[in-house]
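The sequence and structure are shown first.

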Amino acid sequence: MNRRHLLLGSGAAAAAAAGLGAYAVTRGPSYDAAAEAVWAERTQRQPNELHYLVHHATLAANSHNTQPWLFSGGKDHVTIRPDLNRATPAVDPDNHHLFTSLGCAAENLGIAASASSRSNAVDFLPGKDEVRISLGGDGAIADRLFEAIYDRQCTRSTYDSRLVPAVELKALEDAARMAGCSLMLITEKRRMEQILELILAANTAQIADEAFVRELKHWLRFNPAEAIKHGDGLYSACTGNPAMPSWIADMVFGLVFTAEAENAKCTEQVRSSAGFAVFVSDRNDKNHWVQAGRSYQRFALASTALGIRHAFLNQPVEIARYRAELSSLLGIGDRRPDLVVRFGYSDAMPRSLRRPVSEVIVAG
Ligand SMILES: Cc1cc2nc3c(=O)[nH]c(=O)nc-3n(C[C@H](O)[C@H](O)[C@H](O)COP(=O)(O)O)c2cc1C
């Protein structure tokens, strides 16, 4: 598990050692029901087209699962604005991840529009800092990635070390093609170890940073009740770890969230993966960050359709010094590496939650 997703397995052990084991709680039916409701299919008529489109947009990946978006729209367009109340300044001081998350949502929205035969065009409006998806009339061809929207997830487990066949790597590259950014697939073990080194160095720096840890903890959900109450954030069971009451989590958090433990987990995760997908913007501005998010989302859906799992390990792109080292390792000059994603094979994990669609639709 990486630093976003605590070693609550060790936390449970620490709690047990402290005589608190009896208080550990597991994922219950209410969480499963909540997750099933979130990930259920909707149609464009139920309850209406905007709801249908926004529902699919909100199933996109987004940093810390803060869901930093607000939607408005009508018959011929949908607008996505950033919800800056949900920014994460410690890990994401320039809102790069926030705008990338809007790109992920925009891509899902466009794909959902195509599945109801509507053409769509995604544009970033720099003056307004918003993403606009213009919707055309009937007759568009449904994007074949649509079905994968319901199955995509970030799978933060150890993978089974199998390699991805070359023909499927090519299919992922094709699916992720997007103006303004490029995808680098890295499968050579020596290169993967070099990237792992940067992940570990950046992870150690982040865990030593009080503001980073405080912000991360704010978005962690340690048990089903907390996860369901908020409908956002990072729920521990999504990494296969036991849930526990918040007061126990408060006690053990500092004990288990150590650079040593997190780095050991990251190392195992990377060494069990088939490769890294690194997304690189042509230019370092919001428009291109949105494009990188769109490209990632397409990569994620295409890999899901092929039975390939993935999860982010973004530590080296989140600290300027390590981002520069990564650029130099990748030989990309002064272009910005936006996202680092590992991929490979493993079973699915529990799903993450989302807030109700009605909470993120606002007047235009
Ligand atoms: C821009 C961006 C950055 C992210 N960074 C990380 C990360 O560094 N580590 C991680 O485990 N997940 C990361 N995520 C994944 C989110 O935590 C995940 O999408 C969210 O919790 C919702 O879960 P789901 O994608 O499984 O639905 C990132 C997602 C986005 C879009």
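The model is predicted; local features need pLDDT of at least 70, side-chain atom pairs count only at pLDDT 80 or more, and totals for chains, interfaces and linings use all residues. Residues are numbered from 1 along each chain as its sequence is written, and side-chain values use heavy atoms, with hydrogens and water left out.

**Cores**

A nonpolar core is a set of buried Ala, Val, Leu, Ile, Met, Phe, Trp, Tyr and Cys residues joined through side-chain atoms within 4.5 Å. Buried means under 20% relative accessible area, exposed over 50%, and partly exposed in between, with a 1.4 Å probe and protein chains only. Helices (H or I, at least four residues) and strands (E, at least two) are DSSP runs numbered from the N terminus.

The largest nonpolar core holds 67 residues, and those with the most contacts inside it are Phe-71, Ile-80, Val-131, Tyr-296 and Phe-299. Helix H4 (residues 96–115) gives the most to this core, contributing 10 residues. A second, separate core has 19 residues, among them Ile-186, Val-278, Val-317 and Leu-330. In soluble globular proteins, nonpolar side chains tend to be buried together.

Contact means heavy atoms within 4.5 Å. Leaving aside neighbours within four places in sequence, the contacts of Tyr-296 include Cys-104, Arg-152, Phe-279, His-310 and Leu-339.

**Helix pairs**

Axes are lines fitted to C-alpha atoms, for helices over the stretch in contact, and angles run from 0 to 180 degrees between N-to-C directions. Angles under 35 degrees count as roughly parallel, over 145 as roughly antiparallel, 65 to 115 as roughly perpendicular and the rest as oblique.

| Helix pair | Axes come within | Crossing angle |
|---|---|---|
| H3 (residues 49–58) and H4 | 7 Å | roughly 135° |
| H6 (residues 189–207) and H10 (residues 259–271) | 10 Å | roughly 160° |

H6 is thus roughly antiparallel to H10, whereas H3 and H4 are oblique to each other. On the H6 side, the residues that make the contact include Met-192, Leu-196, Ile-199 and Asn-203, and on the H10 side they include Asn-263, Cys-266 and Val-270. By class, the H6 and H10 contact has 8 nonpolar, 4 polar and 4 charged residues; Ala, Val, Leu, Ile, Met, Phe, Trp, Tyr, Cys and Pro count as nonpolar, Asp, Glu, Lys and Arg as charged, and the others, Gly among them, as polar.

**Single residues**

Leu-145 is found in the loop between strand S4 (130–135) and helix H5 (166–176). Its relative accessibility is 0%, so Leu-145 counts as buried. Beyond neighbours within four places in sequence, Leu-145 is in contact with Ile-111, Arg-298, Leu-301 and Ala-302.

Ser-327 lies in helix H13 (residues 320–330) and is buried, with a relative accessible area of 6%. With neighbours within four places again left aside, Ser-327 is in contact with Ile-332, Gly-333, Arg-335 and Pro-337.

Most residues other than glycine have a negative phi. Asn-65, in the loop between H3 and strand S1 (69–73), has a positive phi of about 50° although it is not a glycine. Asn-65 counts as buried at 5% relative accessibility. Asp-129, in the loop between strand S3 (120–125) and S4, has a positive phi near 55°. At 22% relative accessibility, Asp-129 counts as partly exposed.
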